[in-house]
Amino acid sequence: MVQKLKGFRVFPDRYGFFPYVFLIYLAMPAFYVAIAQGWKRIIGIGLLLLFLITYRQLYNSFDKKSYTYWLVIQVFVILILAILFNLYNIFLGFFTAHFIGWYKSKRTFFSALGMFAIVIISPLIVQRETLELQDLYYYGIFILIMFISPFGIRSMSTRMELEKKLDEANEQIKELVKRDERMRIARDLHDHLGHTLSLITLKSQLVHKLINKDTEKAKLETKEIERTSRSALKQVRELVSDMRAITVAEELIESEILLQAAGVSYQFTGDSKLEDVPLLTQNILSMCLKEGVTNVVKHSQAKNCVVQLVKRDGEIELSVLDDGKGLDETNVDGNGLKGINERLRLIDGFMKIISHKGTKLFITIPIIVKEKKAGVGS
């Protein structure tokens, strides 16, 4: 519970301080509520609190259904505040107009904009008898801006989404290029060293036969074996000089490809770069991730898989969560889990498994300051 509260955020960090700045526009509605009397003031306070809740939830809703739910509530709060308190409260609609612009589907966007237009114009119709012509011009100009602004927000949001996808695609291309380079090096190791190692094997067999028959010739052959092995060692060093261990970012790409091929929906949260984490740690973490995702594909019968990577002070937590049939408690050490445990023990890590409405695999690895320093030069 304490950990959940510690991770609580009013607004997602990626939006910065802007969601907080926009709250100053609630000052005027709050004033109109404050000057009301009796039950009307109580209702007004409740409506403003409900508006604040919808404002936060719209920033934190990640599925279309809940997003629309909170948007509808916000629009009707504005409608009640504009009719019961002051007509100026329709300008709270700029908040809603901003959120309407986030809809990706054109059909949903225009449907929400149509509903929004009806609700915003309704208070003007209700109070038409109290309005003069200059009032209609005044409200009309701002309402027109309010209706146009979602198009600008939507255009900007679409561009940002495309830029994000382009960045992700470029990152994937970079990681795949690195993977192809390692595969090329592996092929070179096999092709170039195969003949040399075969030669060493044949000469070793020859020495074994000559050692009792012709000692001098056997000695010459051992020197030849030494020379050949040194040449092979030099080739290995040249080939693997640029080769490095697989990183978590690279394994995440492989995991996504594997899950999608198996028809399992994939979602990742967290930062995959881990630039200051030693390659040994990343390599072991990558192997554990590979084993965990392979289990999801082979054994879970899941439809969705979520991979989470959280880096805290002193530790990294990797989670592989699925909504499958759960883990067979009689085979806890099976399905590669024993191998994960053995790898984690090498770096003082540990794992935890929860089998409830699917399987939740939690892997925690400590990051020690000394290890970080050692990893810089590795």
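Colleague: How do β4 and β5 pair, and over how many bridges?
Modeller: β4 and β5 run antiparallel to each other, with six bridges between them. Bear in mind that this is a predicted model.

Colleague: Which residue in β5 stands opposite lysine 352?
Modeller: That's phenylalanine 362.

Colleague: And what about the hairpin, how many residues sit between the strands?
Modeller: Three residues lie between β4 and β5 there, and lysine 357 in that hairpin takes a positive phi near 55 degrees.

Colleague: OK, zoom out a bit. What is the strand order in the sheet?
Modeller: The order is β1-β2-β3-β5-β4, an open sheet of five strands with mixed pairing. Its edge strands are β1 (265-270) and β4 (350-355), each of which pairs on one side only. On average, neighbouring strands are turned by 10 degrees against each other, direction ignored.

Colleague: Which helices pack on that sheet?
Modeller: Helix α10 (residues 248-261) packs on the sheet and touches β1 and β2, with its direction at about 160 degrees to that of β1. Helix α11 (residues 279-300) packs on the sheet too, touching β2, β3 and β5 (359-366), and its direction makes about 10 degrees with that of β3.

Colleague: You mentioned β2 and β3. In what sense do they pair?
Modeller: Antiparallel, over eight bridges, with β2 covering residues 304-312 and β3 covering residues 315-322. Within that pairing, glutamine 308 stands opposite serine 319 in β3.

Colleague: Switching to helices. How many are there in the chain?
Modeller: The protein chain has 13 helices, along with the five strands.

Colleague: Let's take α4. What span does it reach?
Modeller: Helix α4 (residues 38-60) has 23 residues and reaches 34 Å from first C-alpha to last, close to the 33 Å expected at 1.5 Å a residue.

Colleague: Which of its residues are buried, and what covers them?
Modeller: The buried ones in α4 are Gly44, Leu47, Leu48, Phe51, Thr54, Tyr55, Arg56, Leu58 and Tyr59. Their cover includes α2 (18-21), α3 (27-34), α5 (64-84) and α6 (93-100).

Colleague: Why would residues three or four places apart point the same way?
Modeller: An α-helix has 3.6 residues a turn, so residues at that spacing end up pointing the same way.

Colleague: How many aromatic pairs did you count?
Modeller: The count is 23 aromatic pairs. One of them is tyrosine 55 with phenylalanine 95, an edge-to-face pair at 5.4 Å centre to centre with 85 degrees between the planes. This pair links distant parts of the chain, since tyrosine 55 is in helix α4 and phenylalanine 95 is in helix α6, 40 residues apart.

Colleague: Why does tyrosine 55 count as buried?
Modeller: Because its relative accessibility is 2%, and the cut-off for buried is under 20%. Phenylalanine 95 also counts as buried, because its relative accessibility is 9%.

Colleague: Which residues do ring pairs link into a cluster?
Modeller: The cluster has Phe51, Tyr55, Tyr59, Tyr67, Phe95, Phe99, Trp102 and Tyr103.

Colleague: How about α7, what's buried there?
Modeller: Thr108, Phe109, Ala112, Leu113, Phe116, Ala117, Val119, Ile120, Pro123 and Leu124 are buried in α7. That helix (residues 106-126) has 21 residues and reaches 31 Å, close to the 30 Å expected at 1.5 Å a residue.

Colleague: Last one: what share of the chain is buried?
Modeller: Buried residues make up 36% of the 378 residues in the protein chain. The accessible surface comes to about 23800 Å², and 61% of that belongs to carbon and sulfur atoms.

How values were computed: Residues numbered from 1 in each chain as written. Predicted model: local features only at pLDDT ≥ 70, side-chain atom pairs only at ≥ 80, totals over all residues. Heavy atoms only, no water. Helix = DSSP H or I, 4+ residues; strand = E, 2+ residues; numbered from the N terminus. Expected span 1.5 Å × (residues − 1). Buried < 20%, exposed > 50% of the residue type's maximum accessible area, 1.4 Å probe, protein only. Contact = heavy atoms within 4.5 Å. Areas by Shrake-Rupley, 256 points an atom, 1.4 Å probe, with all protein chains shown as cover. Pairing = 2+ DSSP bridges. Axes fitted to C-alpha atoms, helices over the stretch in contact; angles between N-to-C directions. Phe/Tyr/Trp six-rings, centres within 6.5 Å; stacked < 30°, edge-to-face > 60°.
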